[in-house]
Amino acid sequence: MRTAGTAQPETPREAPARPSLVSDNAPPVLVKMVAPFSVRLSQFFWVASFGVGAFALVYYFVQREALLPLIADNARRVSEGRPDAVYDTASDIIFWTVFGVLVGIVFLQVVLLVSFMSRRPRIRWWQLATLVLLGAVVALAPEWVALDEPGEPIQPLLATQATVGLLALLISAFPGALRWSARQHDVRRGPEGTGSADF
């Protein structure tokens with residue numbers, strides 16, 4: 001029974017919760033993450049292919065004095081009755097053309113590998129094109145420069161270079177490597193100063 005004029009005690013109220021100062025929707029941050037094993041293995045085989053190609057180029061250049069007369073004789077069998085100077089010039093042209101093509105292939109493959117590791121799009125198709133060109137040189141080498149004993153190791157060396165490069169290209173088409181290339185950038189959520197994911 002309430003008595004008139006008697007004040008009732010007030011029930012204490014709870015203070016409202018303060019809004020959080022931290023948002024769950026953190027901004028995206030670019031990070032540098034370790035490439036998948038398949039990508040690093042592909043890179044290793046590409047570098048091995050460059051090593052074989054460089055060795056083949058050095059051997060090819062060292063054997064120049066022995067190969068030029070053989071190339072000239074080969075040209076003489078194709079077209080007889082010309083002055084010796086014509087065959088000497090033809091052998092020089094053939095030798096340096098093949099040398100320039102091989103140097104260009106290795107240089108282009110190095111550039112393409114850098115682009116691949118930077119995750120540029122459609123790089124694998126360009127790498128395949130360089131291997132097709134190298135395969136054509138391997139097939140034609142016995143007709144052009146891989147002549148007799150001095151030129152005998154040239155074709156196996158170039159074939160090894162192409163095989164190792166093809167293996168590198170196949171490994172780069174593994175699912176993990178394809179996903180890594182498709183992402184193009186590694187992104188995580190969180191403040192830029194957090195270093196736990198930066199590896």
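1. Arg124 touches Phe116, Leu169, Ser172, Ala173, Ala177, Leu178 and Ser181, leaving aside residues up to four places away in sequence; contact means heavy atoms within 4.5 Å. Arg124 lies in helix H4, helices being DSSP runs of H or I with at least four residues, numbered from the N terminus. The Arg124 side chain reaches the backbone oxygen of Ala177 at 3.4 Å.

2. The model is predicted: local features need pLDDT of at least 70, side-chain atom pairs count only at pLDDT 80 or more, and totals for chains, interfaces and linings use all residues. Residues are numbered from 1 along each chain as its sequence is written, and side-chain values use heavy atoms, with hydrogens and water left out.

3. The axes of H4 (residues 123–144) and H6 (residues 154–171) come within 9 Å and cross at roughly 160°; the axes are lines fitted to C-alpha atoms over the stretch in contact, with angles running from 0 to 180 degrees between N-to-C directions. H4 and H6 are therefore roughly antiparallel (angles over 145 degrees).

4. On the H4 side, the residues meeting H6 include Arg124, Leu128 and Leu131, and their H6 counterparts include Leu158, Ala162 and Leu169. The residues of this contact comprise eleven nonpolar, four polar and one charged.

5. Phi is near 65° for Arg119 and about 60° for Arg122. Arg119 is buried at a relative accessible area of 10%, whereas Arg122 is exposed at 61% (buried is under 20%, exposed over 50%, with a 1.4 Å probe and protein chains only).

How values were computed:
Helices (H or I, at least four residues) and strands (E, at least two) are DSSP runs, numbered from the N terminus. Angles under 35 degrees count as roughly parallel, over 145 as roughly antiparallel, 65 to 115 as roughly perpendicular and the rest as oblique. Ala, Val, Leu, Ile, Met, Phe, Trp, Tyr, Cys and Pro count as nonpolar, Asp, Glu, Lys and Arg as charged, and the others, Gly among them, as polar. A polar contact is a pair of N or O atoms within 3.5 Å; within protein, one must be able to donate a hydrogen and the other to accept it, and residues adjacent in sequence count only if both atoms are side-chain atoms.
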